[in-house]
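Hi,

Here is the structure I said I would pass on.

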Amino acid sequence: MTATTEPVHITSGDTLAWSKSFADYPASAGWTLKYRLINAAAKIDITASASGADHAVNVTAATSAAWAAGKYSWQSWVEKGAERYTQAVGEI
């Protein structure tokens, strides 16, 4: 079963997977969910894939292994064409 919330901790070299659902911004209607993780060493962008109406976030183990250790601030948003709406912010 895939998680429905963003991870609180990430271990380098682990696969990351979660799913988000937004009634007002379904992937099936062309909305794309994106994340940006930022710290002093890096800026990491993640784009979710459509899974029906849901947004599936998948990061491979090889990708997370390359990320610098540390605390990251993150923001998620949905976008479609020229529209963009922030959905959440947090820290990992």
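Grid points are joined across faces, edges and corners, and the volume is the space filled by probe spheres set on the points.

The model is predicted, so local features need pLDDT of at least 70 and side-chain atom pairs count only at pLDDT 80 or more, though totals for chains, interfaces and linings use all residues. Residues are numbered from 1 along each chain as its sequence is written, and side-chain values use heavy atoms, with hydrogens and water left out.

Cavity and pocket

Searching the whole structure turns up one cavity of 30 Å³ or more. The largest cavity holds about 60 Å³ of space, and its lining is made up of Glu-6, Pro-7, Ile-10, Leu-16, Trp-18, Tyr-35, Leu-37, Ile-46, Trp-67, Trp-74 and Ile-92. Two or more residues of that lining come from each of E1 and E2 (strands are DSSP runs of E, at least two residues; helices are runs of H or I, at least four; both are numbered from the N terminus). By type, the cavity lining splits into 10 nonpolar, no polar and one charged.

The largest pocket has about 170 Å³ of space. Around it you will find Val-8, His-9, Ile-10, Ser-12, Leu-37, Ser-64, Trp-67, Ala-68, Ala-69, Gly-70, Tyr-72 and Ile-92. Eight of the pocket's lining residues are nonpolar, four are polar and none is charged.

The core

Which residues have the most contacts inside the largest nonpolar core? They are Leu-33, Tyr-35, Leu-37, Ile-46, Val-57 and Trp-67, in a core of 18 residues. Strands E1 (16–20), E2 (32–38), E3 (43–47), E5 (54–59) and E6 (73–80) each give two or more residues to this core, and E2 gives the most, with three. A nonpolar core here is a set of buried Ala, Val, Leu, Ile, Met, Phe, Trp, Tyr and Cys residues joined through side-chain atoms within 4.5 Å; buried means under 20% relative accessible area, exposed over 50% and partly exposed in between, with a 1.4 Å probe and protein chains only.

Leaving aside neighbours within four places in sequence, Trp-67 is in contact (heavy atoms within 4.5 Å) with Ile-10, Leu-16, Leu-37, Ile-44, Ile-46, Val-59 and Tyr-72.

Buried polar and charged side chains

Lys-20 sits in strand E1 and counts as buried because its relative accessibility is 15%. A polar atom of the Lys-20 side chain lies 3.3 Å from the backbone oxygen of Thr-4. Beyond four places in sequence, Lys-20 is in contact with residues including Glu-6, Leu-33, Tyr-35 and Asp-54.

Asn-39 belongs to the loop between E2 and E3, and is buried because its relative accessible area is 16%. Polar atoms of the Asn-39 side chain lie 2.8 Å from the backbone nitrogen of Ala-41 and 2.9 Å from that of Ala-42. With neighbours within four places in sequence left aside, Asn-39 is in contact with Ala-68, Ala-69, Gly-70, Lys-71 and Tyr-72.

Ser-76, in strand E6, is buried too, with a relative accessible area of 1%. Its contacts beyond four places in sequence are Leu-33, Lys-34, Tyr-35, Thr-86, Gln-87 and Ala-88.

Two loops

Is Ala-23 buried or exposed? Ala-23, in the loop between E1 and E2, is exposed, with a relative accessible area of 78%. Ala-23 and Asp-54 are 31 residues apart in sequence and 9.1 Å apart in space, C-alpha to C-alpha.

Thr-60 is in the loop between E5 and helix H1 (61–65) and is partly exposed, at 45% relative accessible area. Leaving aside neighbours within four places in sequence, Thr-60 is in contact with Asp-14 and Thr-15.

Cheers

Technical notes
1 Å grid on protein atoms, 1.4 Å probe; cavity = no way out; pocket = protein on both sides within 12 Å on 5 of 7 lines; lining within 4 Å. Nonpolar A, V, L, I, M, F, W, Y, C, P; charged D, E, K, R; others polar. Polar contact = N/O pair within 3.5 Å; in protein donor to acceptor, adjacent residues only side chain to side chain.
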